[in-house]
Amino acid sequence: MGSHKSLFAAALFVCMLAGALAEDPYLFFDWKVTYGTIAPLGVPQQGILINGQFPGPIINCTSNNNIVVNVFNYLDEPLLITWAGIQQRKNSWQDGTPGTMCPILPGTNYTYKFQVKDQIGSYIYFPTTGLQRASGGMGMLKVHSRELIPVPFDMPADEFAVLFGDWYNKGHKTLKRILDSGRSIGKPDGIQINGKSSSIGDAAAQPLVVMEAGKTYRYRVCNVGMKLSVNFRFQGHTMKLVELEGSHTVQNVYDSLDLHVGQCLSVLVTADQAPKDYYLVVSSRFSKKVMSTVAVIRYKNGNGAASLSIPPPPAENRAGIAWSMNQFRSFRWNLTASAARPNPQGSYHYGKINITRTIKIANTHAVVDGKLRFGINGISHVNTETPLKLAEYFGLGDKVFTYNLMKDEPTEGDNKLALAPSVVNATFRNFVEIIFENREKAIQTWHLDGYSFFAVAVEPGRWAPEKRKNYNLLDAVSRHTIQVYPNSWAAVMTTLDNAGMWNLRSDMLERAYLGQQFYFSVLSPENSLRDEYNIFPTQQLCGIVSGLPMPAPYH
């Protein structure tokens, strides 16, 4: 695997970086990615394991830590891993998307090196190659506040990482063949929680967690599914929301919470009920067929099985969408909390910044040459053999893609899609407004790499400039995903101050794979290390840049 050579190069890189980052600790991980048998829904299938685990190992780190992950690919196919929500400041080289990195080929390894700069919160990692995410290879990345930074709640007795979401019994290779043939993969087969599923009254079910009476626990929860929004709730217990995608929130109490694909949050749950078993219930939202599963929450020294009467889900259809929208509006940034941010919470008055560019995007689907495709504003993105970032860096971008095929507004009444690499040129440090219009009947979730944005509005209907009067310009949560309900729109605002090549994509895996994504190219005019790191000496080269001499480094 060339591990000695790779480890030497990694150590050399760490030494080079140490002068700039000497005060921040390094955490080192070795991951062996293999196939193995898993059965999230009780049906054995080939899964993707990391160090023999599904879900994969938890990365437990602190704000500003430097993370070094040496990934050995024992699969029979290329592999890339992305770190969703980690902003990779000045460092899209390590973002782990097909537009920024060459894949790790079978039988080889690659060492990711990145810093969780000025971030806290709950995040996930997963494969971005093909549909591998449908078979596992995913896990949680927890970023704690530094000891000197006060957290706006008392230290919990313990923390629990909970990854749930829809699941397909067909493996990722079968699902990929279905999509490549031009068909949809259809509905999922069920919902899993931390790689398992259970039914009400299953006496053989093992507890997901054990709590002690009178103590409070932090649950870090992520929806790692491919298609379905879900609602989760604890039988007999309320939840206090304290963190959402890296931002401390106003601490409202909820009986149940909707969580959309790709989203993470933290809730506090107090063990204040009679000591026995209870259920964590997870059920699908906004789907014709309701799917659900449960996990046992056990009290230490408790006596008694969980009640068979579980808390009901929220309403569906229009009433359910209105309920979910109102819940979104209840999420507010905690302006009195401290956190590790370049602009400390409470001091970044985003509502007073002039918008320099508005991009309105509409998701569509169409049949192109007899095959299903998804796209944005008339363009269905296709990945390239040469990663977009590498082609641009080596001055060969025009041989791989054309900038700005996707326009800043959709063409009304035109649902045709053109297949091409989709790269949008953006001006460094511009303050942009992105409008997501969902004119389809299915809910959408979007994710932006490299940034967090202020999610200022979600409303039914079509967007128009006068809708800005409804924006939350004071305490919208800073986050990296946004859901858009059927026949509705959402608005987010951000400063494009992170130079690099950054992926904006649907978090619905089928849609992203079939083209519902694009890349922002954010170039610093200074070509300075102040704005972007040089390409790493260990960076893999492929496609038309393979074997080329390195361009002059930034200074």
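**A loop and its surroundings**

Author: Asn404 is found in the loop between helix H4 (388-393) and strand S24 (418-420), where helices (H or I, at least four residues) and strands (E, at least two) are DSSP runs numbered from the N terminus. The model is a predicted one, in which local features need pLDDT of at least 70, side-chain atom pairs count only at pLDDT 80 or more, and totals for chains, interfaces and linings use all residues. Residues are numbered from 1 along each chain as its sequence is written, and side-chain values use heavy atoms, with hydrogens and water left out.

Asn404 has a phi near 60°, a positive value in a residue other than glycine. Its relative accessible area is 28%, and Asn404 therefore counts as partly exposed, on a scale where buried is under 20%, exposed is over 50% and partly exposed lies in between, computed with a 1.4 Å probe and protein chains only.

Another asparagine, Asn301, likewise has a positive phi, of about 60°, although it is not a glycine. Asn301 sits in the loop between strand S20 (292-299) and H3, and at 74% relative accessibility this residue is exposed. Pro312 belongs to the loop between S20 and H3 as well, and with a relative accessible area of 65% Pro312 is also exposed. From C-alpha to C-alpha, Pro312 lies 9.4 Å from Ser256, although 56 residues part the two in sequence.

A pocket here is an open set of points on a 1 Å grid over the protein atoms alone, where a 1.4 Å probe fits and protein lies on both sides within 12 Å along at least five of seven lines; its lining residues have an atom within 4 Å of a point. The space in the largest pocket comes to about 1100 Å³, a volume being the space filled by probe spheres set on points that are joined across faces, edges and corners. Its lining has 34 residues, and those nearest the centre are Phe286, Ser287, Lys441, Ala442 and Ile443. With five residues, H3 gives the most to this lining. By class, the lining divides into 15 nonpolar, eight polar and 11 charged residues, with Ala, Val, Leu, Ile, Met, Phe, Trp, Tyr, Cys and Pro taken as nonpolar, Asp, Glu, Lys and Arg as charged, and the others, Gly among them, as polar.

The second largest pocket holds about 680 Å³ of space. It is lined by 36 residues, of which Pro98, Thr128, Thr129, Gly130 and Asn383 are the closest to its centre. Strand S7 (121-127), helix H2 (172-180), strand S32 (500-506), H5 and strand S33 (517-523) each supply at least two residues of this lining, and the largest share, four residues, comes from H2. The lining of the second largest pocket has 14 nonpolar, 13 polar and nine charged residues.

Within H2 itself, His172, Leu175, Ile178 and Leu179 are buried. Seen down the axis of H2, these residues fall within an arc of 120°, so they line one face of the helix, the arc being that of the directions from the helix axis to the C-beta atoms. Strand S1 (26-38), strand S2 (45-50) and H5 are included in what covers the buried residues of H2, and just after H2, Gly182 takes a positive phi of about 105°.

In S2 lies Leu49, which is buried at a relative accessible area of 11%. Leaving aside neighbours within four places in sequence, Leu49 is in contact (heavy atoms within 4.5 Å) with Lys32, Val33, Thr34, Tyr35, Gly36, Ile38 and Phe54. Of these, Val33 is 16 residues from Leu49 in sequence and 5.7 Å from it in space, C-alpha to C-alpha. The peptide bond from Phe54 to Pro55 is cis, with omega near -5°, and Pro55 is in the loop between S2 and strand S3 (59-62).
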